[in-house]
Amino acid sequence: MAGKCHVILIGPQGSGKGTQAARVAPRLRLVHVATGELFRQLMTRDDELAREVRRYYDRGELVPDELTLRVLVDHLERVEREHPGARGALLDGYPRNRAQAEALDRVLGERSDAIAAVVHLVVPRAVLIERLSGRLVCSTCGATYHVHFNPPLVEGRCDRCGAALVQRSDDTPEAIARRLDTYEQQTAPLLDYYRQRGLVVDIDGNQPIDAVTSAILAALEPVLAEPHRCPSS
Ligand code: AP5
Ligand code: MG
């Protein structure tokens, strides 16, 4: 996406990154790019790469950085071909550690792309566990629901495409705990990395879904309109 500007969404597992990205990306002329979703699609294949990803994914561990970067860059190139009019990507789930943040800076630098903002979703841990335990996802299109907080119109069926809803294979108590610990140890420190560059916007993610969407839009719309932050506007 040469000359584009991108937004990064950072927040712990269950903070609503996927839920909010799907809602705000089209409103901001951004394309939702979720590395977790790319891996879930990849794991539907029956090959060695799919089996390698699953070994990390199901345990709630990070997939190795080099492989993740390769999957991300391939996908960004595809997005560029398929959405030439987009302002940039809304990155959900990347970067997750310092090495990934530095790799992203390198990749974006080579393309003269910019990071316009980093949205940080703030949600207490007890709420996260409640959300992840009740999450349902569409087996076909990846849309996200919750048995209580965001139920589908017809039980067990996706509103968008009608396919069956399932639990994610990493929404087990053990994998949830491991993912939250990894977030605290490796991903949360990235907030300082981006705060020093004046990019972080903190959003209270512990509100109803619509209220969080409004808060993100209110924070990002003015930022994306600034030519020095987002030359592709
Ligand atoms: P990924 O798919 O990114 O999962 P995650 O980081 O564990 O985050 P989640 O998707 O669990 O949470 P979310 O914030 O998107 O919450 P959601 O909107 O669904 O990654 C999965 C795995 O892939 C990783 O563990 C790793 O193995 C691999 N991977 C991915 N990226 C990688 C990378 N960069 N490097 C290496 N490995 C990588 O919401 C959760 C639930 O809450 C839903 O049920 C939703 O309906 C509900 N909800 C949302 N908002 C609200 C609200 N405001 N009020 C009430 N309920 C709400
Ligand atoms: Mg997600």
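Okay, let's start with Ser 15: one of its backbone N or O atoms sits 3.4 Å from an oxygen atom of ligand 1. Keep in mind that this is a predicted model. Glu 61 does something along those lines, with a backbone N or O atom 2.6 Å from a ligand 1 oxygen. With Arg 96 we move to the side chain, where a polar atom lies 2.5 Å from an oxygen atom of ligand 1. And how much of ligand 1 does the protein bury? On its own the ligand exposes 1000 Å², and 96% of that gets buried by the protein.

So who's around it? There are 36 residues surrounding ligand 1, and the closest are Gln 13, Thr 19, Glu 61, Arg 96 and Arg 135. By class, the shell has eleven nonpolar, 16 polar and nine charged residues. H2 has the largest share, with four residues.

Searching the whole structure turns up one cavity of 30 Å³ or more. The largest cavity holds about 50 Å³ of space. Which residues line it? They are Leu 9, Ile 10, Gly 11, Lys 17, Gly 93, Pro 95, Arg 96, Tyr 183 and Thr 187. Split by class, that's four nonpolar, three polar and two charged.

Notes. Residues numbered from 1 in each chain as written. Chains lettered and ligands numbered in written order. Predicted model: local features only at pLDDT ≥ 70, side-chain atom pairs only at ≥ 80, totals over all residues. Heavy atoms only, no water. Near = heavy atom within 4 Å. Polar contact = N/O pair within 3.5 Å; in protein donor to acceptor, adjacent residues only side chain to side chain. Areas by Shrake-Rupley, 256 points an atom, 1.4 Å probe, with all protein chains shown as cover. Helix = DSSP H or I, 4+ residues; strand = E, 2+ residues; numbered from the N terminus. Nonpolar A, V, L, I, M, F, W, Y, C, P; charged D, E, K, R; others polar. 1 Å grid on protein atoms, 1.4 Å probe; cavity = no way out; pocket = protein on both sides within 12 Å on 5 of 7 lines; lining within 4 Å. Points joined across faces, edges and corners; volume = space filled by probe spheres on them.
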